Amino acid sequence: MMNNLLEVKVKYDHGKRPDSSFFVNLKKDGETSVQKIQQLQRNLRAIVRHYDSQPKYLKGYLIDVNYNDIIAKSKRISELLKPRGKQTNDVVVGARFSDAPEGEENHIITYYVDETTINETLEKLEGIKRFLVEQLDGKAIPENFNETKDKRPDLDYEKYSSKNAIRNMIVDCSVVESISVPNITTDVQKESFLLTFFQTEYSLSEMLEELKIDRYRYPYAFYGRDTISVGWDLYQILQEKVPYMISMISPDLSQVTLETIDESKQKYIADIPKPSNEPTIGVIDNLFDEEVYFSEWVENVDYLDEFEPIGGKDVSRDHGTEVTSIIVDGPRLNPWLDDGCGRFKVRHFGVCVDRISVPRLVNKIRQIVNDNPDIHVWNLSLGTDDEVSKNFISYDGAALDELQANKNIIFVVSGTNDNRSMKEGMLRVGSPADSLNAIVVNSVKRNGTPASYTRKGTVLSFFNKPDISYYGGDYEVSERIRACSSVDIEEVYGTSFAAPWISRKLSFLIDVMGFSREVAKALIIDSAAGWEFKTSTYRIRNRIGYGIVPIKISDILESDNREIRFVLYGTASSYITSNYAIPVPRDNDNKYPFIARATMCYFPQCSRVQGVDYTSRELSLRFGRVNAQGGIDDINENVQDEVGHAVDERQSRKDFRKWENTKFISKILKKNRALYSYDERLWGISIVSKERLATSITSDLNFGVVVTLREINGVNRIQDFVMACRLRGWIVNEINLENRLMLYHKNQEEITFD
């Protein structure tokens with residue numbers, strides 16, 4: 001006997017950001033010395049000399065500030081390089097990580113400032129140097145700025161309006177390692193690149209005109225305000241003349257791997273019922289063969305430009321046909337992977353024959369999505385051979401994130417394959433498998449181990465990609481997946497054939513069961529993570545993500561009878577969104593006999609030009625018992641938003657996944673024991689919203705949360721929970737799979753009026 005998933009509609013309280021005004025101070029082990037000030041002065045003067053020694057193409061100066069840690073927005077420099085009438089954060093044009101081993105990276109943030117700002121910064125540094133020599137024996141340490149025993153003299157150095165400005169300048173210098181001119185290069189020679197430039201007062205076209213680039217000799221194409229596609233020769237010219245203006249370099253070719261098919265085979269023929277009211281999944285791939293046995297289930301569009309000929313009979317339509325065959329009829333072709341989701345219709349867009357430039361692919365995806373608003377789930381099994389960058393999201397990955405942030409859709413993206421014959425080390429995933437809002441799928445063998453062609457995350461040295469894994473076959477014939485090609489049933493393998501199985505499950509959850517995309521994504525990830533993520537899966541998360549999604553859809557919608565599993569949906573429209581009255585059942589000793597886990601997903605706006613500081617909105621999740629002080633004893637011990645708790649940015653990212661748009665938290669006890677109830681208080685959920693660059697919440701952001709409570713003694717307490725929720729006036733729906741299916745088909749019936 002299994003328990004049904006519950007859908008609980010709770011009422012949330014919304015609160016403003018509490019008053020958190022405070023004086024900045026040096027970190028516990030931080031310091032600023034005269035020697036550090038002198039070094040930064042030398043850095044700035046060297047930058048000025050560098051720019052003055054060559055043709056001046058900009059009015060201002062692009063400057064890299066190399067921090068000595070992963071730095072929070074609130075801890076970035078505020079007085080150093082501060083322009084008149086602005087905040088220093090207002091002139092940030094890029095962010096990346098230093099070239100260091102994983103886990104040891106530091107922030108490098110690029111600022112665009114004018115000459116006056118540099119001169120004033122040099123004068124401020126001179127004043128600080130005098131201050132340190134005359135008042136602090138040449139070095140500032142945290143004790144010098146302790147509020148209870150303030151040793152700061154009341155001095156009025158020129159260029160400082162207050163003692164706070166002096167303090168801020170000293171703190172700024174303590175978190176900066178050095179200052180330099182940006183210089184991003186690549187040793188990889190490709191036939192073409194996508195170059196993105198730092199945003200300045202000049203448009204990209206004006207800059208190219210100023211550089212006197214002959215477009216006929218060195219052709220290039222614009223893609224947005226700050227990105228162009230260039231050949232190798234033009235790249236070398238730009239790298240020679242204006243290397244400091246280039247912020248990102250990436251390949252611009254996406255392709256699918258096409259296998260040779262034996263054309264002597266007879267076409268596979270099978271009976272299949274006619275489609276009726278099944279949901280439709282969008283597929284963007286190479287071309288589809290309309291002569292296959294399931295073609296009635298597919299609305300096909302050869303989405304090629306006039307200059308892209310479809311070609312004759314020899315043009316391969318196998319990859320796109322195989323991917324679509326899994327979505328339509330995968331369980332019959334692979335009975336061991338029968339997920340219980342039935343069949344799906346497909347709207348198939350063949351965007352290329354074998355390969356396509358990334359900008360052209362992005363333009364087509366945007367047009368296709370805009371023209372098909374009825375489709376919620378899109379399958380994209382295309383990708384590049386090249387690794388994604390450690391310092392910025394790919395052009396196509398960012399485009400997918402933008403579409404998902406603005407539209408009610410979700411992309412399922414294949415994790416890309418390592419197709420090298422000789423493999424030295426493991427490749428990072430290729431684009432667009434770095435899309436953060438999408439579900440990225442890697443492939444595993446039948447025994448759950450990563451496939452031989454597996455590529456790895458993470459993305460931007462931090463974000464957990466791939467999200468999940470599924471069965472996509474492997475080199476051995478016994479491991480392969482069966483799919484229908486243009487000719488016959490083929491034995492295939494690759495992440496391209498793992499992704500469509502997840503598209504099926506997502507469409508079932510969204511289009512049939514009626515969940516929001518946020519809840520559906522959270523259900524998929526939570527079912528993959530289970531109770532094993534922190535204890536075992538975590539060690540190989542860069543290859544299989546949160547884990548392997550169960551085959552049966554019922555295993556996602558039902559849980560063990562000792563578990564209470566429920567979903568919450570809401571909107572973050574203020575600093576804090578919370579409910580402190582979740583009635584988790586108690587035992588006879590008035591304790592909570594549960595271990596718990598929770599998964600939250602949301603689709604934030606993102607900014608590619610911000611580099612590694614990519615996601616523009618952070619939702620921080622806390623869930624657990626309400627304690628005696630009225631706060632939450634979070635099951636993940638998240639204290640980053642509590643007053644009086646100092647948590648640095650590196651720890652917040654590592655332990656609490658700050659800025660990641662998927663949050664998975666769990667409480668696993670070494671010895672199962674019931675949890676104390678604080679004066680019979682209940683459990684609570686709290687979601688804190690923070691903007692990356694703005695100072696206040698500017699828009700609503702939907703979120704979905706899946707909570708699982710496991711009774712440590714095996715007692716089924718789900719009805720106690722349901723009754724307690726309803727006594728509070730909450731709506732609780734039991735998600736019965738058969739009833740939901742019946743309701744879906746009833747709603748899809750056409751009514752004819754006489």
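Biologist: Where is Asn627 found?

Modeller: Asn627 lies in the loop between strand E28 (617–626) and strand E29 (632–634); strands (E, at least two residues) and helices (H or I, at least four) are DSSP runs, numbered from the N terminus. This is a predicted model, in which local features need pLDDT of at least 70 and side-chain atom pairs count only at pLDDT 80 or more, while totals for chains, interfaces and linings use all residues. Residues are numbered from 1 along each chain as its sequence is written, and side-chain values use heavy atoms, with hydrogens and water left out.

Biologist: Why does Asn627 count as buried?

Modeller: Buried means under 20% relative accessible area, exposed over 50%, and partly exposed in between (1.4 Å probe, protein chains only). Asn627 has 9% relative accessibility, and therefore counts as buried. Not counting residues up to four places away in sequence, Asn627 touches Ile632, Asp633, Tyr678 and Arg681, where contact means heavy atoms within 4.5 Å.

Biologist: What makes Cys725 buried?

Modeller: Its relative accessible area is 0%, so Cys725 is buried. Cys725 belongs to helix H14 (residues 718–727). Neighbours within four places in sequence aside, Cys725 contacts Val8, Pro583, Trp730 and Val732.

Biologist: Why is H9 called oblique to H10?

Modeller: The axes of helix H9 (residues 499–512) and helix H10 (residues 517–529) cross at roughly 135° and come within 9 Å. Axes are lines fitted to C-alpha atoms, for helices over the stretch in contact, and angles run from 0 to 180 degrees between N-to-C directions. Angles under 35 degrees count as roughly parallel, over 145 as roughly antiparallel, 65 to 115 as roughly perpendicular and the rest as oblique. H9 is therefore oblique to H10.

Biologist: What is the average pLDDT of the protein chain?

Modeller: The average is 88, and 91% of the residues score at least 70; pLDDT is the predictor's confidence in each residue, from 0 to 100. Over residues 148–159, pLDDT stays under 50.
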